[in-house]
Amino acid sequence: MRISAFIASLDISPANALFALGAAILSFFAMHGVLLLVRKRLSRLSEERAHRPVAEVLSRTLARTSTLAIFVTSILIGLSVLDLPPPWNTRLGHLWFFTLGIQLALYLHRAIRVGARRYFRAHSHGREDEQVTVAHTLVIWVLQTSVWAIFMLALLSNLGINVTTFVASLGIGGIAIALAVQNILGDLFASLSIAVDKPFEVGDSISVNNFSGTVEHVGLKTTRIRALGGEQIVIANAELLRNTVFNYRRMSTRRIQFTLRASPATPPELAARVPQALGELIGKHEKLRFDRAHLKTVDQNWIEYEVVYTMLDTDYNLYMDTQQAINLDAMRMFAELGISTAPRPQHLLLQELQDQPAPAGHAGVRPAQTRMRTS
């Protein structure tokens with residue numbers, strides 16, 4: 001009895017009611033059909049390498065479409081074509097906002113999970129460690145919580161509730177908490193930055209802030225590095241990212257520059273033959289690319305050659321073995337050419353003053369004796 005009286009109070013004609021019912025049914029099947037077509041199209045795009053990431057995220061996000069949301073949306077479409085009294089128009093607007101808003105929040109919830117999981121899987125290179133797993137979980141939780149918090153605030157505002165004071169209170173409380181734990185939060189966000197951006201990973205050989213070593217563990221607050229001397233260095237993540245980090249593991253080549261010295265008494269004809277000879281002895285080594293060798297400096301003590309070559313392999317032990325072989329070959333080459341590597345002889349002039357009493361009738365001291373020593 002009450003339902004019939006309520007329907008009668010809405011003053012809806014049978015023709016209008018049938019038209020609304022038809023619109024609701026038609027929109028329900030239309031939305032289902034469009035959703036199926038879009039998902040089929042995305043499945044085809046996912047087979048193409050160029051469109052695979054976006055197509056995968058969109059396809060798995062649309063899979064979160066709620067049948068209940070489609071049903072409610074079709075009913076709302078049917079109700080929208082009715083001539084409802086003014087109070088019900090406002091209530092219908094609230095229902096539209098709630099239905100579409102919650103479906104959009106569900107889409108974002110799924111897209112964040114799928115996108116973050118795909119990103120961390122693509123950048124983990126097949127390795128899953130504790131830091132990446134925790135960062136993955138934390139990033140997803142923060143983003144998904146933000147989506148639902150924004151939706152709830154928008155819903156309350158749409159219902160006419162003033163959320164300005166509530167938002168301001170949350171902001172003040174958040175600032176107070178952030179100031180209290182700013183160091184911890186700084187290290188935490190630095191850990192997330194390391195997990196996402198990956199300037200280095202566990203096992204990488206790095207140099208930072210005047211020390212070098214191998215990364216053993218990247219935690220939520222600190223990073224542990226095994227130094228070359230064997231000791232373990234523990235450094236805060238925020239402090240680590242504030243400095244310049246040199247990652248030696250990601251080197252593709254190693255550029256080497258060194259100098260060789262010879263005696264300045266070397267004849268110019270012999271000195272001119274040295275660069276070519278150096279190029280020949282360096283070029284015979286594998287995994288090397290000779291760049292240049294020049295007579296750089298000529299002064300009274302030395303003549304100096306600058307040699308540059310590139311190692312095509314980044315292994316440090318191989319570099320040291322190769323450099324040792326080059327130095328030994330250079331010594332033999334200088335000996336074969338008859339070039340001395342000794343510096344110019346230094347001449348020292350020594351004077352001895354004999355401060356003894358002069359003979360009678362002679363004033364002053366005896367003259368100094370001079371000796372020359374060569375070193």
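The structure is a predicted model, in which local features need pLDDT of at least 70 and side-chain atom pairs count only at pLDDT 80 or more, whereas totals for chains, interfaces and linings use all residues. Residues are numbered from 1 along each chain as its sequence is written, and side-chain values use heavy atoms, with hydrogens and water left out.

Glutamate 306 lies in strand β8, which spans residues 303-311; strands (E, at least two residues) are DSSP runs numbered from the N terminus. With a relative accessible area of 9%, glutamate 306 is buried (under 20% relative accessible area; exposed is over 50% and partly exposed in between, with a 1.4 Å probe and protein chains only). Its side chain forms polar contacts with the side chains of glutamine 257, at 2.9 Å, and arginine 292, at 2.7 Å. A polar contact is a pair of N or O atoms within 3.5 Å; within protein, one must be able to donate a hydrogen and the other to accept it, and residues adjacent in sequence count only if both atoms are side-chain atoms. When neighbours within four places in sequence are left aside, glutamate 306 is in contact (heavy atoms within 4.5 Å) with Gln257, Phe258, Thr259, Arg292, Ala293, His294 and Lys296.

Most residues other than glycine have a negative phi. Asparagine 209, in the loop between β1 (205-208) and β2 (211-218), has a positive phi near 55°. Asparagine 210, in the loop between β1 and β2, likewise has a positive phi, of about 70°. Asparagine 209 is partly exposed at 41% relative accessibility, while asparagine 210 is exposed at 84%.

Key. Helix = DSSP H or I, 4+ residues; strand = E, 2+ residues; numbered from the N terminus.
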